[in-house]
Amino acid sequence: EYSKHFGSFVINHSQDCSLCRGGHMNEGRVSAILGIKGMPREQEEIMVSRDLLLAKLTGGHIHIAHVSSEWSLKLIAQARTAGINVTCEATPHHFTYTEDELLGYDTNFKMSPPLRTKSDVEAIREGLKSGLIDVIVTDHAPHHNDEKFLEFDKAPFGILGLQTLVPMTLDLVRDGVIDYEKMAALTSYNAAKILKLKDKGVIAEGYLADIAIIDPNFEYLYNKNLNKSKSQNSPLLGKMLKGAAVITIKSGKTVFEFPNVVA
């Protein structure tokens, strides 16, 4: 209610902590196999439901961060139909990976919200295709190697995401889920619109020249030399990726050129 008076909005990391304390991954088949305490998807869905009802009560704008559950999306769709002011976002890891990745106890796949099931991944991809999900975000969470190189239940949540958003999102384009224009909207225009940034989000006179030039077909090995983060906690390190921002322009100035691509 308070944020509404300032033309602002609330972003909430949707967790009912009475259901998630002590949990380290999605509660289900894989957590049972691994013997690791899980967090039920309802910990997210209950908080999403609560926030939607509070937005209904106040007339305010709620933005649901990094949606990971099929039922969360069903609740958001229902709220939108009812005229509740809600926007939401998803991450590349939640529309790409499932909880099965954790069968190898790789802590680089440990994140919050956790990776969920195939039906959740499919629901997120459908939400991006239909326009239900407004923005693709990274939820970039760097951690030191020493923190991640621990027993699974002691390692922190979090995954790198800034450098891998482009190739992972391009996979959606290659799979026919979205097109290039929709990708630009999900990763730039929509975010600027939601945040009411008057000089960002489009390439036009009067706007800041913040531009990423992307080569969707460029293939490369994502390794420690290319990784710009001080942290290494990405399950994609050491893997071949396709697609990259080969030139980055900030306020009209070139600030990054991909090695061995730009002459």
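Valine 135 is buried, with a relative accessible area of 5% (buried means under 20% relative accessible area, exposed over 50%, and partly exposed in between, with a 1.4 Å probe and protein chains only). This is a predicted model, in which local features need pLDDT of at least 70 and side-chain atom pairs count only at pLDDT 80 or more, while totals for chains, interfaces and linings use all residues. Residues are numbered from 1 along each chain as its sequence is written, and side-chain values use heavy atoms, leaving out hydrogens and water. Here is a short tour, starting where we came in.

**Around valine 135**
- Valine 135 belongs to strand 6, residues 135-136 (helices, H or I of at least four residues, and strands, E of at least two, are DSSP runs numbered from the N terminus).
- Beyond its neighbours within four places in sequence, valine 135 is in contact with Cys88, Glu89, Ala90, Leu186, Asn190, Ala191 and Ile194 (contact means heavy atoms within 4.5 Å).
- Threonine 164 is 29 residues from valine 135 along the chain, and their C-alpha atoms are separated by 16 Å.

**Helix 7, a mostly covered helix**
- Helix 7 runs over residues 165-174, and eight of its 10 residues are buried.
- Those buried residues are Leu165, Val166, Pro167, Met168, Thr169, Leu170, Leu172 and Val173.
- Their cover includes helix 5 (118-130), strand 6, helix 8 (180-194), strand 7 (211-222) and strand 8 (239-250).
- After helix 7 comes glycine 176, with a positive phi near 80°.

**Backbone details in the loops**
- The loop between strand 5 (86-90) and helix 5 holds proline 113, and the peptide bond from serine 112 to proline 113 is cis, with omega near 5°.
- Tyrosine 105 sits in the loop between strand 5 and helix 5; its phi is positive, about 60°, although it is not a glycine.
- With 42% relative accessibility, tyrosine 105 counts as partly exposed.
- Lysine 196, in the loop between helix 8 and strand 7, also is not a glycine but has a positive phi of about 60°.
- At 51% relative accessibility, lysine 196 counts as exposed.

**The whole chain**
- The protein chain has eight helices and nine strands.
- Its radius of gyration is 19 Å, close to the 18 Å that the globule rule gives for 263 residues, so the chain is as compact as a globular protein of that length (the radius is taken over C-alpha atoms, and the rule is 2.2 Å times the number of residues to the power 0.38).
- Along its principal axes, the C-alpha trace spans about 55 × 45 × 30 Å.
- Of the 263 residues, 48% count as buried.
- Among contacts between residues at least 6 apart in sequence, 66% join residues at least 24 apart.
- The chain exposes about 13700 Å², with carbon and sulfur atoms supplying 55% of it (areas come from the Shrake-Rupley method with a 1.4 Å probe).

**Annotated domains**
- UniProt, in an unreviewed entry, lists residues 8-70 as "domain: Dihydroorotase catalytic" (positions are in the numbering used here, feature names are shortened, and annotations may be inferred rather than shown by experiment).
- Residues 8-70 are 44% helix and 16% strand, and the end C-alpha atoms of the span lie 27 Å apart.
- The unreviewed UniProt entry lists residues 80-253 as "domain: Amidohydrolase-related".
- Residues 80-253 are 25% helix and 18% strand, with end C-alpha atoms 40 Å apart.
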